[in-house]
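Subject: A structure for you to explore

Hi there,

Here is the structure I promised to pass on. Have a look around first, and then read my notes below.

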Amino acid sequence: MIKPRPEMIAETRAKLLAAARHAFGTVGYAQSSMDDFTAAAGLTRGALYHHFGDKKGLFQAVIQELDAEMTARLNKVSARAPTRWQGFVDECATYIEMALEPEIQRIMFRDGPAVLGDITQWPSANGCIAALSGSLGQLKRDGVIADIDEETTARLINGASSHAALWIANSDDPQETSKRAVQGFRSLLERLKLDRPDGEK
């Protein structure tokens, strides 16, 4: 039975993404080739060009897929927390800790900036800043944090967490660097919090 065209297109795209993600996550961007991707996926270069344009376009698609997975994981971390404030802090800290995971470390925080430039300028950064601003706004309305400018603070947190993740990914001792980075980052966030003897939200 012949599959519908949209289904075939989706399958081809998924095969190329999976093959590229494996290569980028193991040997890295520079050492992987389009022939590697197409051979692993059982497809032609023409299919790769059609769906992604070139190697960089395929890499961007892998980054987007990985970023979406990371966001979903972070949302679960936040949802599990006992308070909104704790969820916010845990989510930020978990993002930094993800830089220890081999695939994320290599693709997002080593090759990503080398290929796509400053991580804080990626299109996905705008979504992160908007989400952070929304969380900060709610925490401010709840009276949990100080009366700060939400967008400014969101951009500062986004920049600091991205820099911390890059520091870990490129460190000679990622585990130790991660401990220091997460501890320091949590301490910084605590400075935003107001004393709440009646309990926090």
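Let's start with the largest pocket, where helix 4 (55–80), helix 5 (84–97), helix 7 (123–141) and helix 8 (150–169) each contribute at least two residues to the lining. Please keep in mind that this is a predicted model.

Which helix gives the most to that lining? Helix 7 does, with 7 residues. In total, 24 residues line the largest pocket. If you want to find its centre on your screen, look for Leu74, Glu91, Tyr95, Cys128 and Asn158, which are the lining residues nearest to it. The volume of this pocket comes to about 470 Å³.

Now step back to the whole chain. How many helices and strands does the chain have? There are 9 helices and 0 strands, so the pattern read along the sequence is α-α-α-α-α-α-α-α-α. Taken along the principal axes, the box filled by the C-alpha atoms is roughly 65 × 40 × 25 Å.

The chain has 201 residues, and 42% of them are buried. As for contacts between residues at least 6 apart in sequence, 69% of them join residues that are at least 24 apart. On the charge side, you can count 24 positive and 27 negative side chains. The centres of these two sets lie 3 Å apart.

Is Gln64 buried or exposed? Gln64, in helix 4, counts as exposed because its relative accessibility is 55%, and the cut-off for exposed is over 50%. Gln138 belongs to helix 7. With a relative accessibility of 27%, Gln138 counts as partly exposed, because that value falls between the 20% and 50% limits.

Gln64 and Arg180 are 116 residues apart in sequence, with 28 Å between their C-alpha atoms.

Enjoy exploring, and write back with any questions!

Best wishes

Note on methods:
Residues are numbered from 1 along each chain as its sequence is written. This is a predicted model: local features need pLDDT of at least 70, side-chain atom pairs count only at pLDDT 80 or more; totals for chains, interfaces and linings use all residues. Side-chain values use heavy atoms; hydrogens and water are left out. Helices (H or I, at least four residues) and strands (E, at least two) are DSSP runs, numbered from the N terminus. Buried means under 20% relative accessible area, exposed over 50%, partly exposed in between (1.4 Å probe, protein chains only). Contact means heavy atoms within 4.5 Å. Lys and Arg count as positive and Asp and Glu as negative; His and the chain ends are not counted. The place of a charge is taken as NZ of Lys, CZ of Arg, CG of Asp or CD of Glu. On a 1 Å grid over the protein atoms alone, a cavity is a set of points where a 1.4 Å probe fits but cannot get out, and a pocket is an open set with protein on both sides within 12 Å along at least five of seven lines; lining residues have an atom within 4 Å of a point. Grid points are joined across faces, edges and corners, and a volume is the space filled by probe spheres set on the points.
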